[in-house]
Amino acid sequence: MLDRTKAPETYEIDAVNIQIAEVTSLSNGARMHVIKSETQPVVRLDFVFKAGKWYEDKKGVSDLAAKMLLEGSLNHTAKQIADKVAFYGASFESSNGYDRTEYTLYCLAKYTTELLPLVLDILQNPAFPEEEFNHLKQRTSQSLKVQRQKNNYLSTHSFTQQVYGSQHPYTFGFDDGVLEAVTKEEVEAFYRNRFISQELEVFACGAIDDVLQRYLQLEIEKLRIQPATGSALSIEHKIKSATEKTKLVSIEDSLQSSIRVGARMPHISHPDYQPLLVLNEILGGYFGSRLMRNIREDKGYTYGIYSVISSKEEDSLFYVGTDVNYAVTDNTIDEILKEIKLLQEEEIPEEELQTVKNYMLGKFLNDLNTIFDQCDRYKRIVLFNLEQEHYNNYVTTIRTITAPRLKQLAKDYLNTE
């Protein structure tokens with residue numbers, strides 16, 4: 001019988017086991033990664049193209065191209081696509097990012113053979129109908145106008161412009177009029193140059209038996225894809241950081257301020273990257289962080305404040321974000337800088353450090369619950385070209401990091417000047 005007077009035993013986390021995929025180089029030049037699990041009768045297919053903002057020659061093109069594929073193919077209208085996906089209780093969606101564009105299908109394993117031909121038709125034979133393009137551009141532009149009235153959108157947009165420069169692909173959001181200037185011909189050209197190329201990575205995870213795996217391989221090999229062009233392989237973007245370290249965007253009659261404070265950080269493959277994740281967690285990475293305790297609990301300036309290290313394939317960005325009453329804007333910034341300076345001047349108490357370590361390890365394990373979670377971690381290893389031991393190294397870093405090391409990292413990377 002369970003004795004509820006005794007707490008359950010706890011165990012040290014020494015290592016994690018993330019499933020490694022079976023990788024097949026397909027005859028058309030794509031790669032297929034398969035991770036199998038029989039726990040649930042579901043399948044997820046991710047088609048990942050090197051077609052994010054990094055590869056644009058005009059802002060807004062990749063975003064509209066990603067969405068246009070769902071507006072109809074040569075064989076299916078947008079309504080037919082939506083109806084068929086809904087009929088099988090499935091989900092099919094696109095995601096346009098800074099580096100990649102992804103199309104993801106979720107479905108019951110038994111319906112994969114019904115839905116995969118539709119997905120491949122969408123990817124291979126987009127129709128780019130004129131009327132749908134005009135409607136999409138109008139909807140997206142209207143949504144952008146709404147977003148640009150919000151403080152938090154404008155603050156992140158302005159902050160990333162300060163860090164990277166207004167034309168860099170890692171700048172968040174769009175300026176007014178950007179999407180209106182994109183033509184259908186430019187979107188089609190971007191699709192031809194970037195979507196159907198031999199840099200395609202396909203990630204299949206879930207209830208995949210040998211028969212279904214073979215079916216996936218044979219069908220996906222039918223995609224007609226071309227080698228990536230030389231110019232696309234060597235794209236570089238120069239970072240043009242602003243000389244002024246502070247920027248104020250005034251919004252008439254606004255009662256709140258959205259604050260962003262931060263700087264570039266080392267690439268995810270750098271030896272200091274994982275230790276910096278621990279430092280970030282202490283500063284503002286979770287609900288019990290120093291920024292939350294000071295600015296939310298003690299000062300009452302905000303409902304929430306956070307810090308994050310955002311990783312992209314070519315760079316990483318650290319920033320603190322919060323929304324406060326405009327009257328305490330300067331006070332809030334002063335308190336953020338004060339907390340950063342404390343990390344540089346004083347070692348983190350052992351009890352606080354151990355609490356953060358336990359939280360990070362527990363959250364990490366919780367984030368590996370499903371096969372889809374594990375596939376996401378594996379996908380990150382592939383797309384960021386990381387070593388296979390990346391996540392075991394992460395666990396080791398959390399367990400072994402010391403207060404003196406964190407203090408030195410704060411001095412090295414959180415330069416308040």
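Me: What should I know about the model and the numbering before we start?
Reply: This is a predicted model, in which local features need pLDDT of at least 70, side-chain atom pairs count only at pLDDT 80 or more, and totals for chains, interfaces and linings use all residues. Residues are numbered from 1 along each chain as its sequence is written, and side-chain values use heavy atoms, with hydrogens and water left out.

Me: What counts as a cavity or a pocket here?
Reply: On a 1 Å grid over the protein atoms alone, a cavity is a set of points where a 1.4 Å probe fits but cannot get out. A pocket is an open set with protein on both sides within 12 Å along at least five of seven lines, and lining residues have an atom within 4 Å of a point. Grid points are joined across faces, edges and corners, and a volume is the space filled by probe spheres set on the points.

Me: Which residues line the largest cavity?
Reply: The lining consists of Met-265, Leu-276, Leu-279, Asn-280, Leu-283, Ile-309, Phe-318 and Leu-414. Helix α9 (residues 273-285) supplies the largest share, 4 residues. Helices (H or I, at least four residues) and strands (E, at least two) are DSSP runs, numbered from the N terminus.

Me: And the second largest cavity, what lines that?
Reply: Its lining is Lys-59, His-157, Gln-161, Ser-166, Gly-173, Phe-174, Asp-175 and Val-178. By class there are 2 nonpolar, 4 polar and 2 charged residues; the lining of the largest cavity has 7 nonpolar, 1 polar and no charged. Ala, Val, Leu, Ile, Met, Phe, Trp, Tyr, Cys and Pro count as nonpolar, Asp, Glu, Lys and Arg as charged, and the others, Gly among them, as polar.

Me: On to pockets. What is at the centre of the largest pocket?
Reply: Of its 39 lining residues, Lys-245, Thr-246, Lys-247, Arg-260 and Val-261 lie nearest the centre. The elements giving two or more residues to this lining are α5 (151-164), β7 (256-265) and α11 (329-345). Strand β7 gives the most, with 10 residues, and the volume is about 1,300 Å³.

Me: What about the second largest pocket, which helix gives the most to its lining?
Reply: Helix α9 does, with 6 residues. This pocket has about 530 Å³ of space. It is lined by 21 residues, and Leu-277, Glu-281, Lys-363, Arg-377 and Tyr-394 are the closest to its centre.

Me: Changing topic: where is Asp-121, and what does it touch?
Reply: Asp-121 belongs to helix α3 (residues 112-124). Not counting residues up to four places away in sequence, Asp-121 is in contact (heavy atoms within 4.5 Å) with Ser-73, Asn-75, His-76 and Pro-126.

Me: Which side chain of opposite charge is nearest to Asp-121?
Reply: Arg-224, 8.0 Å away.

Me: Last one: which residues of helix α10 are buried?
Reply: In α10 (residues 290-298) they are Arg-290, Leu-291, Met-292, Asn-294 and Ile-295. Their cover includes α9, β8, β9 (316-325), α11 and α12. After α10 comes Gly-300, with a positive phi near 70°.

Methods
Buried < 20%, exposed > 50% of the residue type's maximum accessible area, 1.4 Å probe, protein only. Lys, Arg positive; Asp, Glu negative; His and termini not counted. Salt bridge = Lys/Arg side-chain N within 4 Å of Asp/Glu carboxyl O.
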